[in-house]
Amino acid sequence: KAITIQGTLNSDGTLSTTIDANQSGNGFILNSGEGTETVIRDLVLTGAMATNASALYLDHSTCSIINCLITGNHSNLWGTVGFNGATGLLVIQDCTFTSNERYGVAAKEISLGNYTGEGDLVVNIDGCKFLNGGVAININFAGDISIQNCEFSGSNQYGPLTGEGSKINFYRCDSATLTNCLIADNEIAWQWGNGYGSGGGINVLEVPLTIQDCVIRNNKAGMGGGVLIRNTSCEIIDSVIQDNWAMWGNGGGILLWNSTCTVTGTTIHANFASPITPDDCEPGNPECSPPASGGGGIGFFDWQNPSELTLVGSTLCQNVVHQIWGSNGEWTADENTYIGFSCLGGCCIDNTCLPTLEYVCDNAGGTWQGIGSNCENADCPPAEPTGACCVSSGCVANNNDDCTALGGTWLGEGGSCDDCPAS
């Protein structure tokens, strides 16, 4: 039977009801075939300690989790919320995950494995925040995954196995789509010389991936500082991938490993791919010699199976060491794609011009003049003339349109407030 477990809200909308497991087991266990109609909402879930998923364990069941704070829980295996053998739809909406632990480190917040077969479970995560480190989402053997309007942030140093520390990790799911998400400030522990600890922000293996209207920034990993895409296809649309770091030396922004990817309308800039010599490596020790560095923006990996990249209307700039580089890959770019070191162009905004990046100019409501343009020759509209605007409360300096919007009387260009009638 479907039930709703609902807490109360304070007058300011904050959560008033807490479910505290007092370190004595799971917060909730659903194991009777529950579905999306079973709802857990408006609760603080804390104090759970269990071998399997601590706050919520879904055993051949699903539910809807809405407007909950999941914090201060401890798991020895799966993380904070987890399932096994589930079918149907799992909904997680407007929830915040923070300060949960697994093995004494930041938890895998949503750790889901459907080992009864692939494609059984559909997952929809909307409007959630994953804060203060840890693996946010780790989903294996599921159906379609849809994540939108979420924030994944907070420093994390977890690993070192490949994918173990990625903020978002998918394996053998039917598809995964991320829309309007922020993925930032994740760092994977990695081991020198073996490439483990890759895909700092996102790591997908055999999962068709779509990223749209997302910002992926300041993530670090051995390879694939921002995103690692392996043995699959991907589309990246209207997104920004910046300031990510591949510490082992390939794919600062994106690493394609035996994959096909189309990147459209996306800015990939200021990513870094360069090897680091650990402090305990002695000079001249061949075991400490890193591979050739490259692929600051986009890198290719896998000597046997080439990757394919198509760039459409995108910008790659100011990535170090190379904009695109790798051992085995082919790429094409259309005439509307820019690849080069310099990123800046003139931005006409508020009757002035500023050198900036295209997406920064667009977000500010300006008109970008193109890469390489400068404010000395930018074709910005002239500043509108200003003068005294007489309003009921006194006088302000304004242009005619803004004065009219205030219901004032404009005295013309250069008009003086001294000429306004006394109020």
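Which residue does a disulfide join to Cys353? Select Cys353 and follow its side chain to the sulfur: the partner is Cys375, and the S to S distance is 2.2 Å. A disulfide, as the word is used here, is a pair of cysteine sulfur atoms within 2.5 Å. Before you go further, keep in mind that this is a predicted model, in which local features need pLDDT of at least 70 and side-chain atom pairs count only at pLDDT 80 or more, while totals for chains, interfaces and linings use all residues. Residues are numbered from 1 along each chain as its sequence is written, and side-chain values use heavy atoms, with hydrogens and water left out.

**Stop 1: the Cys353 link**

Stay with this pair and look along the bond between the two sulfurs, where the angle is -80° and the link is left-handed. The pair links distant parts of the chain, since Cys353 is in strand 46 (residues 352-356) and Cys375 is in the loop between strand 47 (367-371) and strand 48, 22 residues apart. Strands here, like helices, are DSSP runs numbered from the N terminus (strands are E, at least two residues; helices are H or I, at least four). Cys353 is buried, with a relative accessible area of 16%, whereas Cys375 counts as partly exposed at 32%. Buried means under 20% relative accessible area, exposed means over 50%, and partly exposed lies in between, with a 1.4 Å probe and protein chains only.

**Stop 2: other disulfides**

A search of the whole structure finds 8 disulfides. Select Cys317 and Cys343 next, which a disulfide joins with an S to S distance of 2.1 Å. This link is right-handed, with 115° about the S-S bond. Cys317 lies in strand 41 (residues 315-317) and Cys343 in the loop between strand 44 (338-340) and strand 45 (345-349), so the pair ties together parts that are 26 residues apart in sequence. Both Cys317 and Cys343 are buried.

Now move to Cys390 and Cys420, where the sulfurs of the disulfide are 1.9 Å apart. The torsion about this S-S bond is about -85°, so the disulfide is left-handed. Cys390 sits in strand 48 and Cys420 in the segment after strand 50, 30 residues apart, and the pair thus links distant parts of the chain. Cys390 counts as buried at 10% relative accessibility, and Cys420 is buried too, at 15%.

**Stop 3**

Cys95 counts as buried, at 1% relative accessibility. Cys181 is in no disulfide either, and the nearest cysteine sulfur, that of Cys214, is 4.6 Å away. Cys181 is buried, with a relative accessible area of 4%.

**Stop 3**

**Stop 3: salt bridges**

The structure holds 2 salt bridges, a salt bridge being a side-chain nitrogen of Lys or Arg within 4 Å of a carboxyl oxygen of Asp or Glu. In one of them, Arg172 and Glu206 meet at 2.8 Å, N to O. Arg172 lies in the loop between strand 23 (168-171) and strand 24 (175-179) and Glu206 in the loop between strand 27 (202-205) and strand 28 (209-212), so the pair ties together parts that are 34 residues apart in sequence. Then select Arg41, which forms a salt bridge with Asp42, with the closest N and O atoms 3.8 Å apart. Arg41 is partly exposed at 28%, whereas Asp42 counts as buried at 5%.
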